[in-house]
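These notebook entries record what I looked up in the structure shown below.

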Amino acid sequence: MTGSAIAMMIIAMVLLWGGAAYFLIKAYRNNTF
């Protein structure tokens, strides 16, 4: 596996976790306010 492929996998995981955190925060705010 090349370095660029590993970097792309890391970026994809960060985007997945970022998106999950964004929707969790959005749902939390909708429930709070």
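Does Phe23 count as buried or exposed, and at what relative accessibility? I found that Phe23 counts as exposed because its relative accessibility is 54%; buried means under 20% relative accessible area, exposed over 50%, and partly exposed in between, with a 1.4 Å probe and protein chains only.

I noted that this is a predicted model, in which local features need pLDDT of at least 70, side-chain atom pairs count only at pLDDT 80 or more, and totals for chains, interfaces and linings use all residues. Residues are numbered from 1 along each chain as its sequence is written, and side-chain values use heavy atoms, with hydrogens and water left out.

I then turned to the whole chain. Its secondary structure comes to one helix and zero strands (DSSP runs numbered from the N terminus: helices are H or I with at least four residues, strands E with at least two). I recorded that 0% of the 33 residues count as buried. The C-alpha atoms fill a box of roughly 45 × 5 × 5 Å along the principal axes.

I returned to Phe23, which is found in helix H1. From Phe23 to Ala7, I read 16 residues in sequence and 24 Å in space, C-alpha to C-alpha.

I looked up aromatic pairs and found one in the structure. Tyr22 and Phe23 form this edge-to-face pair, at 5.4 Å centre to centre and 70° between the planes (ring centres of Phe, Tyr and Trp, its six-membered ring, lie within 6.5 Å; planes under 30 degrees apart count as stacked, over 60 as edge-to-face, the rest as tilted).

Last, I checked Val14, placed in helix H1, residues 3-32. Val14 counts as exposed because its relative accessibility is 54%.
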